[in-house]
Every structure is written in structure tokens, then in C-alpha cells.
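Student: Hi! I'm new to this one, could you walk me through it?
Tutor: Happy to, let's have a look together.

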Amino acid sequence: WVRIGPMNLQVSEPARLCLLIYVAGYAVRQEKALRERFVGFLRPMLVLSVACLLLLAEPDFGAAIVLLATALVMLFVAGARIRDFIVFFSTAVVAMATLALTSPYRLNRLTGFMDPWADPYNSGFQLTQSLIAIGRGQWFGVGLGDGVQKLFYLPEAHTDFISAIIGEELGFIGVLLLAGAFVWLVLRGLRAAWRVPDEYAAYLAAGMTLFIGLQAFTNLAVAMGLLPTKGLALPFVSYGG
């Protein structure tokens, strides 16, 4: 975090936006190289790899994954070759697996989500409290503002696990409407990207839309125990400046 007057800025947020702008611009400027040569695909990947290393140093494993996935989709849409994806993706999977297995806290997150009840007061604490919140909500929730898990039971209830609180207070129907809103937003964003005549604007619109969609999907999946716990906020919903 960097303090600028009365505002706290998380540097990775504008940095990720700048990287999406860079990838969109590169896809337009180097279209021929991107579609015909591996080096054309490798250049933006090297820049993104440096950015991901900086994110991992925070540490922010989840943000690095979402950024890399968004950029790969943008380059795929721009016409990068499938075999280039296979080479880079295989290398990235090995690297990410190595990082996860060599870091105790990442390994705990990867293994803890599979059976959080095995250690409900330590590695599985956050997820078990999230599942309790969602379970209490049942179909229609306990009522807006009437949830108890946010009262210091569920850590990060206002940011990373806000969707669990929505599940408790508004129930399955509330979560379904929330997920539907994000699906609608992503579809509208991709529709705008498809219709815009300018290639740069199209790639950038697609990238920004997918970034929001992937982060929202990850946040919801983490709260439900479908993915390992990651420190990703829910766009437009989580508390923030």
C-alpha cells in the first residue's frame, strides 16, 4: 500500500490496468509477429511474468493468476498460435505448482480447502466460517443486516469473503442474483468489445471485462470452497476506497 494524502493506494490495482492496456496495444502493433512467431508471443509474456513475480512478492498469488489468465485470453483472441499457448501454459503450470509446493502458507491453502473441517480452528478456519454463513442463509437468507458471521467470526467478511455474508443474509436467491449480475455485465462487456470497430478498443474492452468476470468468479468460488482461498475482493461489492 502507498499512502497519497488521505488515500491509501494498492499499487497492484492500477498496475494491472496498465498491463491490460499494454497487452491490448501490443496485440495491435505486433499482430503479424504474434500470429506467426513464438518470439512475438513471448515478449508480452516476459513483461507479464515480471509483473506476476512482483505480485507474488506481496504476496498475492490469486491476483497473479487472474492477471495471467486474462492476458492469455486477450492474446488468444488477438490470434496467437495454439502451440505457443501450450508451451507457455505448461511452463507456467510447473512454475506455479513449484511456488505453491515450496511455500508453506500456499500449500496449506491448496490442501486446506479440500477438507477444511479437518482443521477447523487453523488452516480451515476461514473457509469453515464461510460455509457456515452460506449454510445459515438457506434459500432466502436471515435478512439484510441480520447475519452474525460478520461479527468477528468470519475473517475479511467485508472484502475477500463478502459473498459469504451475502449468502447468509440474502440466501441462495441473493447469491444467484449477484452471480447473474456479473454474468450480465460480462456478456454486455464482450458484446461491446465485439461491436467496436477499433481493434485496440476491442482488445482492451474484452480484457477489462474478462478481468472483472474472472475475479468475481474466483471470489464466489473461494467463498463456496470450490477453489483454494485467495485474497481477491469482489468487484464493485467489497469494501474499498
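Student: Is Phe-76 buried, partly exposed or exposed?
Tutor: Phe-76 is partly exposed, with a relative accessibility of 46%. Buried is under 20% relative accessible area, exposed is over 50% and partly exposed lies in between, using a 1.4 Å probe and protein chains only. This is a predicted model, where local features need pLDDT of at least 70 and side-chain atom pairs count only at pLDDT 80 or more, while totals for chains, interfaces and linings use all residues. Residues are numbered from 1 along each chain as its sequence is written, and side-chain values use heavy atoms, leaving out hydrogens and water.

Student: And how many aromatic pairs are there?
Tutor: The whole structure has 6 of them. Rings of Phe, Tyr and Trp (its six-membered ring) pair if their centres lie within 6.5 Å; planes under 30 degrees apart are stacked, over 60 edge-to-face and the rest tilted.

Student: Why is the Phe-38 and Phe-41 pair called tilted?
Tutor: Because their planes are at 40 degrees, with the ring centres 6.4 Å apart.

Student: How exposed are those two, Phe-38 and Phe-41?
Tutor: Phe-38 is partly exposed at 32%, but Phe-41 is buried at 0%.

Student: What about Phe-76 and Phe-85?
Tutor: That pair is edge-to-face, because the planes sit at 70 degrees, and the centres are 5.7 Å apart. Phe-85 is buried, at 13%.
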